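User: Can you walk me through this model? Keep it quick, please.

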Amino acid sequence: MSSDERPIYGPFFGVMGAASAMVFSAMGAAYGTAKSGTGIAAMSVMRPELIMKSIIPVVMAGILAIYGLVVAVLIAGGIDKPEKYELFSGFVHFGAGLAVGLSGLAAGFAIGIVGDAGVRGTAQQPRLFVGMILILIFAEVLGLYGLIVAIFLYIKA
């Protein structure tokens with residue numbers, strides 16, 4: 001292999017992929033938790049018996065951070081010294097990190113908005129609970145799609 005294929009800045013892209021995976025997915029999880037949490041707090045004033053049932057959006061938002069953590073650990077384990085780490089691997093790791101991170105960010109936004117409105121609506125009309133759960137599942141699966149793409153990309157490196 002020539003030194004052109006293994007430049008000294010190659011691992012930078014791998015590190016940025018690991019950082020992107022963790023940072024963006026954690027931002028999505030934090031937003032989903034915070035937004036859903038405000039809905040739970042507002043709802044619990046009127047119907048405190050529904051607090052544990054309403055915690056589901058917070059749990060689903062937290063799972064998004066786990067997706068990012070898994071990919072970040074995989075990428076970090078694959079990073080090596082510049083003389084052993086190809087630029088191609090750095091680009092692929094960067095793409096994998098962005099895939100899971102940005103899809104986790106988008107899913108966290110969706111979970112937060114649906115969780116906030118859903119728990120408030122469920123407090124007024126309990127039949128909305130099943131619909132809220134279904135919409136939350138569709139929002140969560142966006143993050144899962146990012147995880148699947150990230151794992152496929154990681155395998156290619």
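**Loop, helices and core**

Analyst: Start with P48, which sits in the loop between α1 and α2. Helices here are DSSP runs (H or I, at least four residues), numbered from the N terminus. The model is predicted: local features need pLDDT of at least 70, side-chain atom pairs count only at pLDDT 80 or more, and totals for chains, interfaces and linings use all residues. Residues are numbered from 1 along each chain as its sequence is written, and side-chain values use heavy atoms, with hydrogens and water left out.

User: How far apart are P48 and A123 in space?

Analyst: Their C-alpha atoms are 9.3 Å apart, though 75 residues separate P48 and A123 in sequence.

User: Switching to helices. At what angle do α2 and α3 cross?

Analyst: Roughly 175° for α2 (residues 56-78) and α3 (residues 87-124), and their axes come within 8 Å. Axes are lines fitted to C-alpha atoms, for helices over the stretch in contact; angles run from 0 to 180 degrees between N-to-C directions. So α2 is roughly antiparallel to α3 (an angle over 145 degrees).

User: Which residues make the contact?

Analyst: From α2, they include M60, L64 and V71; from α3, they include A96, V100 and I111. Contact means heavy atoms within 4.5 Å.

User: How many of them are nonpolar, polar or charged?

Analyst: The α2 and α3 contact has 12 nonpolar, seven polar and no charged residues. Ala, Val, Leu, Ile, Met, Phe, Trp, Tyr, Cys and Pro count as nonpolar, Asp, Glu, Lys and Arg as charged, and the others, Gly among them, as polar.

User: What does V71 touch?

Analyst: Beyond neighbours within four places in sequence, V71 contacts A21, A96, V100, L147 and A150.

User: And the largest nonpolar core? How many residues?

Analyst: The largest nonpolar core has 26 residues, and V71 is among those with the most contacts inside it, as are L64 and M132. Such a core is a set of buried Ala, Val, Leu, Ile, Met, Phe, Trp, Tyr and Cys residues joined through side-chain atoms within 4.5 Å. α1 (10-46), α2, α3 and α4 (128-156) each supply at least two of its residues.

User: Where does UniProt put the transmembrane regions?

Analyst: The unreviewed UniProt entry lists 12-34, 55-79, 91-116 and 128-155. Residues 128-155 are 100% helix, with end C-alpha atoms 41 Å apart.

Note on methods
Angles under 35 degrees count as roughly parallel, over 145 as roughly antiparallel, 65 to 115 as roughly perpendicular and the rest as oblique. Buried means under 20% relative accessible area, exposed over 50%, partly exposed in between (1.4 Å probe, protein chains only). UniProt positions are given in the numbering used here, feature names are shortened, and annotations may be inferred rather than shown by experiment.
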